[in-house]
Amino acid sequence: MEKLIIIGSGPAGLTAAIYAARGGLNPLVVSGREAGGQLMLTTDVDDYPGFEEGIQGPDLMVKMRKQAERFATRFINEDVVSVDFSRRPFVVKTESLILNSNSLILSTGASAMWLGLASEQRLIGKGVSSCAVCDGFFFKDKNVIVVGGGDSAMREAAYLSKLCKKVTVVHRRDKLRAQVALQELVKSKKNVDFIWNSVIEEILGQEKVSGVKLKNTQTGEISQMQIDGVFIAIGHKPNTDFLKGQLDLDEKGYVVVENETHTKIPGVFVAGDMADYHYRQAVTAAGMGCKSAMDVEEYLENQKFGV
Ligand SMILES: Cc1cc2nc3c(=O)[nH]c(=O)nc-3n(C[C@H](O)[C@H](O)[C@H](O)COP(=O)(O)OP(=O)(O)OC[C@H]3O[C@@H](n4cnc5c(N)ncnc54)[C@H](O)[C@@H]3O)c2cc1C
C-alpha cells in the first residue's frame, strides 16, 4: 500500500517526486517505458533555468531522476495499463503489477504528432523540432518551414516570424483550418509565405537539416527547397488513453483540471503537458509537478485529521 504513486517521469513527474520525497511521502514513480519523457528526444535545452551554457535534454532528465533518487524515490520502469479510481485505495495496474495507493499524481505528458518520415525522426533535435518557443532561437535570422494549417501551426509561424529571416508554411490543402484571426495575423507578416497543396516527402541533411523534398498533392510534382529548420506543427496527443472512463477529459483528451492540479476525484492530482496544452514547457511542467506534490501533502494531511 503506497501513500503516493506518481505516473510518468518527465519534468512534471520527477519534480513532483523530489518535492513529495522531501516531504516524507516516500513516493513510487511508475516511470513509463519512455522514461524521462519528451526531453529525451531533443539535444540542446537552452531555456531551463540554472544551466547558463544550456544542457542536453537527456542529461537534464538524468539529473532530475538522480535528484529524486537522492531522496529515496522508488521507480518501476513500466507503463500503466489501467487505473480504477472508483475504489479506495486507488488501483493502478502496470504491465506486470497491481499497485494500491491513497493518492496519485498523473503526469503522463503529451506526444507531439510527427509526419512519420524516417528522415524526420533521424533529424529531431538537429533542425527538426515540434516546439518554436523551445528551439526557435537556434534559427535566428535563418530560413525555416512550419508544417501544418491549424491553430498550432499559425502560432508557431507567428512566433518564428519574430526571430527568423523567412518562415514558409507548408500545408497539404489550399485552405487553413486555423481560426481566422490567427490566419490574418500570420498573413500580415512580411517574412511569412505559404506553399499550398504540398507535403514533405523527405527532410534532407546528414548531421543537420539542409533542405526538404516537397510533393505537390494536386500534380504529384516533386521539388527541392533549401532550408535550415523544419517545425512540425500538426498537433499533440495527450497520453491519457488509460484514463478514459475514469476521469473527465476534454474533446482532445486533455485532463480537465479544477483549481491548479486537482481533478474531480479527491486524491487524484495532475501535472504537466497532459493537462496543459497551452504552455507545454519543461519549466511549466516542473512547476505544476511541484504544485501537485504540495497539494497531495495537504490532501493526505487533511485525510489524517478528518479536515
Ligand atoms: C523535440 C522536443 C524538444 C523540446 N524542447 C524543449 C525545450 O528546449 N525547452 C522546454 O522547456 N521544453 C521543451 N520541450 C517540451 C517539453 O519537453 C515538455 O513540455 C515537457 O517534457 C512536459 O513534461 P511532462 O512531465 O508533462 O511530460 P513528458 O515529458 O511528456 O513525460 C511524460 C512521461 O509519462 C510517461 N508515460 C506516458 N504514458 C504512460 C503510461 N501509460 N504509464 C506510465 N508512464 C507513462 C512517459 O514515459 C514519460 O516518462 C520539447 C519537446 C520536444 C518534443
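## Ligand between two domains

Domain 1 (2-111 + 236-304) and domain 2 (114-232) both give residues to the shell around the ligand, so the ligand lies between them. The domain bounds come from an automatic or database domain assignment. This is a predicted model: local features need pLDDT of at least 70, side-chain atom pairs count only at pLDDT 80 or more, and totals for chains, interfaces and linings use all residues. Residues are numbered from 1 along each chain as its sequence is written.

The shell around the ligand holds 43 residues. A residue is near a molecule or strand if its C-beta atom, placed from the backbone, lies within 6 Å of it. The closest are G10, G32, G37, G109 and G272. Helix 1 (11-22), strand 9 (110-112) and helix 7 (282-304) are the elements that give two or more residues to this shell. Helices (H or I, at least four residues) and strands (E, at least two) are DSSP runs, numbered from the N terminus. By class, the shell has 19 nonpolar, 18 polar and 6 charged residues. Ala, Val, Leu, Ile, Met, Phe, Trp, Tyr, Cys and Pro count as nonpolar; Asp, Glu, Lys and Arg count as charged; the others, Gly among them, count as polar.

The C-alpha centres of domain 1 and domain 2 are 31 Å apart. Their contact takes 7 residues from domain 1 and 7 residues from domain 2. Two residues are in contact if their C-beta atoms, placed from the backbone, lie within 7 Å. The side of domain 1 that touches domain 2 has 1 nonpolar, 3 polar and 3 charged residues.

## Helix 1

Helix 1 is largely enclosed by the rest of the structure, because 11 of its 12 residues are buried. Buried means 20 or more other C-beta atoms within 10 Å of the residue's own; exposed means 12 or fewer, and partly exposed lies in between, with C-beta atoms placed from the backbone. Among the buried residues are P11, L14, I18 and Y19. The buried residues of helix 1 pack against strand 1 (2-7), strand 2 (28-30), helix 2, strand 8 (98-106) and helix 7.

At 1.5 Å a residue, the 12 residues of helix 1 should span 16 Å; the end C-alpha atoms are 17 Å apart, which agrees. The expected span is 1.5 Å times one less than the number of residues. G24 follows helix 1 and has a positive phi, near 85 degrees.

An open sheet is formed by 5 strands in the order 10-17-11-12-13, with parallel pairing. Two strands pair if DSSP finds at least two bridges between them. Strand 10 (128-129) and strand 13 (192-195) stand at the edges, each with a single partner strand, so one side of each is left without a neighbour in the sheet. Strand 11 (residues 143-147) and strand 17 (residues 229-232) run parallel, joined by 4 bridges. V147 has I232 as its bridge partner in strand 17.

## Hairpin and cis proline

Strand 6 (residues 80-84) and strand 7 (residues 90-94) pair in the antiparallel sense over 4 bridges. They form a hairpin with 5 residues between them. V83 has V92 as its bridge partner in strand 7. P89 sits in the loop between strand 6 and strand 7. The peptide bond from R88 to P89 is cis, with omega near -10 degrees.

## Positive phi outside glycine

A72 is not a glycine, yet has a positive phi of about 70 degrees. A72 lies in the loop between helix 2 (57-70) and strand 5 (74-76). A72 is exposed, with 10 other C-beta atoms within 10 Å.

R280 also is not a glycine and has a positive phi, of about 45 degrees. R280 lies in the loop between strand 19 (268-270) and helix 7. R280 is buried, with 20 other C-beta atoms within 10 Å.
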